[in-house]
Amino acid sequence: AHVARLSIQLCAYGDGQKLMLTRDVTAVEQAEAMRRDFVANVSHEIRTPLTVVAGFIETLQTLTLDPQEKSRYLALMAQQAQRMQRVVEGLLALSRLEASPPPGIAEWVPVAALLERCEQEARALQALIAPGQTLRFSQFNRPEDVGDIAGVPAELHSALANLVGNAIRYTPGDGSVDVQWAWQPDGSAVFSVRDTGPGIDAEHLPRITERFYRVDRSRSRDTGGTGLGLAIVKHVAQRHGAQLLIESVAGKGSTFRIAFPAFRLRRRQAQL
Ligand code: ADP
């Protein structure tokens with residue numbers, strides 16, 4: 001048995017009648033509800049593409065299709081299989097993040113290398129899905145900007161890449177995305193991604209980093225989203241003692257920032 005934490009609410013009606021409402025809001029119950037939601041979400045995310053694939057297999061088995069049609073079906077099946085793969089990979093990434101202890105400060109990752117890789121990947125993605133977009137990366141490799149972050153390279157890369165990828169995916173073809181790394185006077189630093197995309201309504205902001213939470217499901221799906229990206233970013237940030245900050249104005253755009261604390265950073269003289 002557990003001790004229940006009760007919230008008590010007293011309602012008084014006009015005719016003098018009173019009603020006392022008690023509600024059990026124990027953490028145990030909340031955790032259980034979250035687990036149930038999560039399992040339901042995962043099942044849904046996998047079942048949808050699975051149903052499509054199963055349907056196509058049946059079609060291929062029962063109908064004689066011409067080669068062109070057949071390859072169209074196979075391409076659609078491959079697309080759905082990739083979707084399932086992305087969901088599973090995202091979930092595995094999250095559970096790895098949860099299972100491993102926070103990284104120490106043993107490994108130093110060069111900021112410039114992280115950002116360079118991010119930029120290369122961003123330009124490739126952008127050329128593919130939004131060639132008209134303006135993509136700017138701040139000059140992070142200026143001599144005075146050289147430095148390192150203590151952490152796990154793959155995790156840090158996935159956090160930065162996720163934010164940049166989202167900005168490119170959600171911003172229209174004629175919009176712009178600005179990526180910056182800014183050292184602060186106190187030795188901390190802020191990585192920021194600003195876009196001129198659709199923005200996120202205030203009502204959605206508090207939930208945006210929850211697993212599988214999306215503002216626009218079909219838009220997310222059309223651009224290969226799983227709804228797990230920001231959950232991963234938040235986890236990685238937390239594990240590195242950093243904070244994920246989101247500012248957004250609906251219809252104007254969003255700015256996502258990761259603020260790294262000074263104790264996880266070091267600046268050094270560039271080797272010129
Ligand atoms: P997804 O795979 O759906 O992009 P994320 O966890 O990365 O999942 O993001 C969750 C949701 O947050 C997205 O579905 C989208 O609605 C919203 N979102 C994320 N980044 C942006 C952005 N830069 N501009 C507008 N909306 C965004």
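Q: Which element gives the largest share of the lining of the second largest pocket?
A: The largest share, five residues, comes from α1, and this is read from a predicted model. The elements that give two or more residues to that lining are α1 (27–62) and α6 (229–239).

Q: What makes a residue part of the lining of the second largest pocket, and which ones are closest to its centre?
A: A lining residue must have an atom within 4 Å of a point of the pocket. For the second largest pocket, which holds about 460 Å³ of space, 17 residues line it, and those closest to its centre are M34, F38, N41, E210 and R211. By residue class, the lining divides into eight charged, five nonpolar and four polar residues.

Q: How do you know that P103 is buried?
A: Buried means a relative accessible area under 20%, and P103 has 12%, so it counts as buried. Its place is in the loop between α2 (67–99) and β3 (108–110).

Q: What does P103 touch, leaving aside residues up to four places away in sequence?
A: P103 touches G151, V152, R239, H240 and R264. With H240 the separation along the chain is 137 residues, yet the two C-alpha atoms are separated by 6.9 Å.

Q: Why is Q133 called buried?
A: The relative accessible area of Q133 is 6%, and because the cut-off is under 20%, Q133 is buried. Q133 lies in the loop between α3 (111–129) and β4 (134–137), and, not counting residues up to four places away in sequence, its contacts include Q126, A167, I168 and T171.

Q: Why is α6 described as largely enclosed by the rest of the structure?
A: Nine of the 11 residues of α6 are buried, and therefore the helix is largely enclosed by the rest of the structure. Among the buried residues are L230, I232, V233 and V236, and the buried residues of α6 pack against α2, α4 (153–170), β8 (243–249) and β9 (253–260).

Q: How does the radius of gyration of the protein chain stand against that of a compact globule?
A: A compact globule of 272 residues would have a radius of gyration near 19 Å, whereas the protein chain has 23 Å, a value above that of the globule. Along its principal axes, the C-alpha trace spans about 80 × 65 × 40 Å.

Q: How many of the residues of the protein chain, as a percentage, count as buried?
A: Of the 272 residues, 38% count as buried, which means that this share falls under the limit of 20% relative accessible area. The accessible surface comes to about 16,000 Å², and 55% of this belongs to carbon and sulfur atoms.

Q: What share of the contacts with a separation of 6 or more joins residues 24 or more positions apart?
A: Such residues account for 67% of those contacts, in a protein chain that has six helices and 10 strands.

How values were computed: Residues are numbered from 1 along each chain as its sequence is written. This is a predicted model: local features need pLDDT of at least 70, side-chain atom pairs count only at pLDDT 80 or more; totals for chains, interfaces and linings use all residues. Side-chain values use heavy atoms; hydrogens and water are left out. On a 1 Å grid over the protein atoms alone, a cavity is a set of points where a 1.4 Å probe fits but cannot get out, and a pocket is an open set with protein on both sides within 12 Å along at least five of seven lines; lining residues have an atom within 4 Å of a point. Grid points are joined across faces, edges and corners, and a volume is the space filled by probe spheres set on the points. Helices (H or I, at least four residues) and strands (E, at least two) are DSSP runs, numbered from the N terminus. Ala, Val, Leu, Ile, Met, Phe, Trp, Tyr, Cys and Pro count as nonpolar, Asp, Glu, Lys and Arg as charged, and the others, Gly among them, as polar. The radius of gyration is taken over C-alpha atoms; the globule rule is 2.2 Å times the number of residues to the power 0.38. Buried means under 20% relative accessible area, exposed over 50%, partly exposed in between (1.4 Å probe, protein chains only). Contact means heavy atoms within 4.5 Å. Accessible areas come from the Shrake-Rupley method with a 1.4 Å probe; for residues, only the protein chains shown count as cover.
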